[in-house]
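This report describes a ligand site and a strand arrangement. The sequence and structure are shown first.

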Amino acid sequence: MDIEEKVNPRKKFKYLKDQVSAATLQAVKAMGFKIMTDIQAEVLPEALDGADVVATAKTGSGKTLAFLIPAVETVIKCMEKQVQGVHIVVATPGRLFDHMRTKEFDYRNVCCLVLDEADKIFQYGFEEDLKQIINRLPSKIGTNIDKPCYLALPSQKGTDALIKSAMKEKVHNINTDEDNLMATVEGLKQGYAVCETEYRLWWLHKLLKKTRNFKVMVFFSSCKSVEFHHEFFSKYCEAAVLCIHGKMSQTDRTDVITNFYNAEKVALFCTDLAARGLDIPAVDWIVQFDPPSDANEYIHRVGRTARGMGAEGNAVILLRPDEVEFVSYLKESKIYLDKYESWDKFANLQPKLDAAMSDPQFHELAVEAFQGYMRAFEVKKLKHIFNLITMDVDAVARSFGLKERPDVDVRKLKLLEI
Ligand SMILES: Nc1ncnc2c1ncn2[C@@H]1O[C@H](COP(=O)(O)OP(=O)(O)OP(=O)(O)O)[C@@H](O)[C@H]1O
């Protein structure tokens, strides 16, 4: 008996045939999906039935189709009724609200609102924009027009008031994450490695060698650090690396993502710009070279691998010896890391660094990258773990290939800590 026969019939997309158009089912089939993920199997029958849904599930668990299929079905019905105009608008809250204040943007017939990444929306302080948007939309979208309104959110913190204002009296709370013993997906193997500060760059060099036949994402805490490491590894170590960060133009970012999407083996150096929403096939390794700010950010970074049903992936976070407590902190959020081997033998990068540093522009980049790294610490909330007071700043400078500590007001930064 193959997997498909064993599976509960309610979990097959075919089960939705009375609720979903043949075209949608055909499109799902063309994507190669036959069985719904847990969140899809729970959300779709309810949402297609017109219920308002708050859905919480792990990153990479298939939330997109859980809200997209009902949204597309709504559009299909509008088209049948020959409703004119744009059918789907995808926007950030601030931009959407700007448009709603223009005469040309007619939103009187809106019948479905989806808030994806709702926790991030709150974190970025879009709450006020969102309230205004909801106030202007046909009141209680769900109740009045009898069409669904969904929230897809990885975490529910702070959303209660919004749910009340936007949704029907009766909201279906679906959480496939409850009672779960782990915050990350089963197919993810994750661990941490410890490395002395000044050998961090050397560690990364070794890791890139070991993973050269894989598709890898490496996370850094600042744009300049991404640029610095990218320049060093691509120009002076001839490594296959791409980079993406917020200071690049949209066209360049799109090109990089397309290249990474199509590549079989390459490393993408990135900031947290790439931590959410990107669905790139077959990423093998997530490397957190600089630590994330909290458990939530950790989960989203590692969520770029092991995506979809039965998928597998690997993640490693690099910690300095005085950051190891981060492992216990993650444990409190049900993230369990194995301890990976700590390397003590590295290829000597000094000649390559010396060559690079003879270029004044590269030296300047190293200084800026160092400053970016220090600034990232300044805003970290977990001060007991990411502690500037105990940090060996000279060793940090050396980890950027700098023989002397740049002129950064470390004393001021340290004072901020107290
Ligand atoms: N029923 C399914 N069967 C197999 N693969 C699926 C199914 N549904 C979605 N996928 C695949 O799983 C991956 C993750 O899906 P999706 O992007 O919807 O996750 P998500 O929960 O929205 O993640 P995130 O929170 O990171 O945005 C995608 O590559 C998608 O194509």
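What is the order of the seven strands in the open sheet?

## Basis of the model

The model is predicted: local features require pLDDT of at least 70, side-chain atom pairs count only at pLDDT 80 or more, and totals for chains, interfaces and linings use all residues. Residues are numbered from 1 along each chain as its sequence is written, and side-chain values use heavy atoms, without hydrogens and water.

## The seven-stranded sheet

The strands of the open sheet follow the order S7-S8-S6-S9-S10-S5-S11, with parallel pairing. Strands are DSSP runs (E, at least two residues) numbered from the N terminus, and two strands pair if DSSP finds at least two bridges between them. The edges are formed by S7 (241-244) and S11 (338-339), each of which pairs on one side only.

Strand S6 (residues 215-219) pairs with strand S9 (residues 285-288) in the parallel sense over four bridges. Within this pairing, Val218 has Val287 of S9 as its bridge partner.

## The ligand site

The shell around the ligand holds 19 residues, of which Thr59, Gly60, Thr64, Asp279 and Arg307 come nearest; a residue is near if one of its heavy atoms lies within 4 Å. Both domain 1 (3-175) and domain 2 (188-415) contribute residues to this shell, so the ligand lies between them. These bounds come from an automatic or database domain assignment.

Polar contacts are pairs of N or O atoms within 3.5 Å. A ligand nitrogen lies 2.9 Å from an N or O atom in the side chain of Gln40. Ligand oxygen atoms lie 2.8 Å from such an atom of Asp279 and 2.7 Å from a polar side-chain atom of Arg307. The protein covers 86% of the 640 Å² of accessible area that the ligand has on its own, by the Shrake-Rupley method with a 1.4 Å probe.

Definitions and conventions:
Polar contact = N/O pair within 3.5 Å; in protein donor to acceptor, adjacent residues only side chain to side chain.
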